[in-house]
Amino acid sequence: MDSTPLSPAPAPRSNPAEAGPEPYRIYIPTRYLELTQQKFDNARLPGELVDGDEDHQVRNEMDALIDHWHETYSWRDEEHTLNSLPQYRLAIPLPTFGPLRHHFLWHRVCASSIASSSSSTTASPCIPLLLLGEFWEFLRLFLTLQGRGVDIVVPSPAGMGFSDAPTSPGFGAETCARGFHALMQRLGYSAGYVIHASGTLGWAVGRILALRFPDHVRGLHLSYMPLPRGGWWTRTKLRVSRRFGAPWSRAESLCAGSAEVGVELVATKGVERMAWEYALTDSPMGLLAWVAGRIRACATAHHEWTHNEILTAFMYYWISGPRDFFRLLETSRGNGELDEVCARWSPVPMGVFLGQDQCLPRGYIEATLGKVVLFETRQEAVGRWVAWEEPDVVADAVMRLWEVTTK
């Protein structure tokens, strides 16, 4: 069976730009859910070490998740909840890759969206929020922002979730960013948009958009920023710079060796990378262990993750297969895109919301990346999944940047 149960790519159009966004409803065939059940039933788990506390914790977690899958979890219930949200797909032509249907959530309050772009209106330009990351992590934030009087777009990158997958290699953060920019233009947001970005994927795509389209990106809000890895001397200089505001000029090391927890394996290449792809595409148990591990490693005390939430996050990757997530980041790393976004200045105003120990000095950020108009830090860490764990806090921070940059 193929890695994804989603419908095939659309038939080529003479001009895909003529088609508008189409409402979309998620439906995963029952036979695919039954196959997943069979694979869980037949999974072979690794043996535990006698004194392996970590092995024991992981095994207990996996046993509890599988029990919940068998006894309580219902993908159909989650599907019904997702289908209550305003979802669409729109084919975006991309050089080399052809038209790819981009799946996205779209909340509209403005009169100047695509629905009325052909009418003569004197309404002020509509500046929406574009949330960039791994889609599922923004579902709670999307609901929270719906009451803030602003348009919201949450897209899935190509090959992830319910967006079409590229059929040729070379799809990286650069192409992903250009696809998202084309999506925003097609939706009628010619006056620009404000971005909130999270995680390695959101950081890379958001920064590329700020570098390539500074006239359209009105603001970039970051709740994740890669920190340099290094020895005690690097860490000491960083602490001194934070404490006293002294210059810290290691621009070349901002992303060097830095990797988000659970994403390190995307740096693998060739046979090793393909082994991961095949293993996690075929094994729901292996993929569930990866997803649960990523969530638990970066979880904070602000939210008690339920088994239901972890299983639904797992389904986001399982339905489409994890290959395109791994390859997008690997391509971006290999093409130098991740290095570029760490060391090039952009005129797009930025907002930063991070823990004090997670953030580079403001002066360094402004000298290396761009002007910071909103610099918010707190003593406790801002979790990788902060949009899910603290949607009200993130919504407030994002709206503060939106208000500053859209005046």
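Tutor: The largest pocket holds about 640 Å³ of space. It is lined by 20 residues, and those closest to its centre are E54, V58, R59, M62 and A289. The model is a predicted one, in which local features need pLDDT of at least 70 and side-chain atom pairs count only at pLDDT 80 or more, while totals for chains, interfaces and linings use all residues. Residues are numbered from 1 along each chain as its sequence is written, and side-chain values use heavy atoms, with hydrogens and water left out.

The search for pockets and cavities runs on a 1 Å grid over the protein atoms alone: a pocket is an open set of points with protein on both sides within 12 Å along at least five of seven lines, a cavity is a set of points where a 1.4 Å probe fits but cannot get out, and lining residues have an atom within 4 Å of a point. Points are joined across faces, edges and corners, and a volume is the space filled by probe spheres set on the points.

Two helices, α2 (53–71) and α9 (284–298), each supply at least two residues of the pocket lining. The largest share, seven residues, comes from α2. Helices here are DSSP runs of H or I with at least four residues, strands are runs of E with at least two, and both are numbered from the N terminus. By class, the pocket lining divides into eight nonpolar, five polar and seven charged residues. In this scheme Ala, Val, Leu, Ile, Met, Phe, Trp, Tyr, Cys and Pro are nonpolar, Asp, Glu, Lys and Arg are charged, and the others, Gly among them, are polar.

The structure holds one cavity of 30 Å³ or more, and the largest cavity has about 80 Å³ of space. Its lining consists of W75, L82, F135, W136, L139, F162, T312, M315 and Y316. Helices α3 (75–82) and α10 (307–320) each provide at least two of the lining residues, and α10 gives the most, with three. Eight residues of the cavity lining are nonpolar, one is polar and none is charged.

The sheet comes next. Nine strands form an open, mixed sheet in the order β1-β2-β3-β5-β4-β6-β7-β8-β9. Its edges are β1 (22–23) and β9 (370–378), each of which has a single partner strand, so one side of each is left without a neighbour in the sheet. Strands count as paired if DSSP finds at least two bridges between them.

Eight bridges join β2 to β3 in the antiparallel sense, with Y88 opposite F104 in β3. These two strands, β2 and β3, form a hairpin with three residues between them, and T96 in the turn has a positive phi of about 80°. In β3 (residues 98–107), eight of the 10 residues are buried (under 20% relative accessible area; exposed is over 50%, partly exposed in between, with a 1.4 Å probe and protein chains only), so β3 is largely enclosed by the rest of the structure. Four bridges link β3 to β5 (residues 152–155), again antiparallel, and W106 faces V153 in β5 as its opposite residue.

Parallel pairing is found at β6. Strand β4 (residues 129–132) pairs with β6 in the parallel sense over four bridges, and the partner of L130 in β6 is I195. On β6 and β7 (residues 217–222), five bridges again give parallel pairing, with Y193 opposite V217 in β7. All five residues of β6 (residues 193–197) are buried: Y193, I195 and A197 cover one side, V194 and H196 the other.

Leaving aside residues up to four places away in sequence, R212 touches E174, R178, E340 and R344, where contact means heavy atoms within 4.5 Å. The C-alpha atoms of R212 and R178 are 8.6 Å apart, although 34 residues separate the two along the chain. With E174, the R212 side chain makes a side-chain polar contact of 2.8 Å. A polar contact is a pair of N or O atoms within 3.5 Å; within protein, one must be able to donate a hydrogen and the other to accept it, and residues adjacent in sequence count only if both atoms are side-chain atoms.
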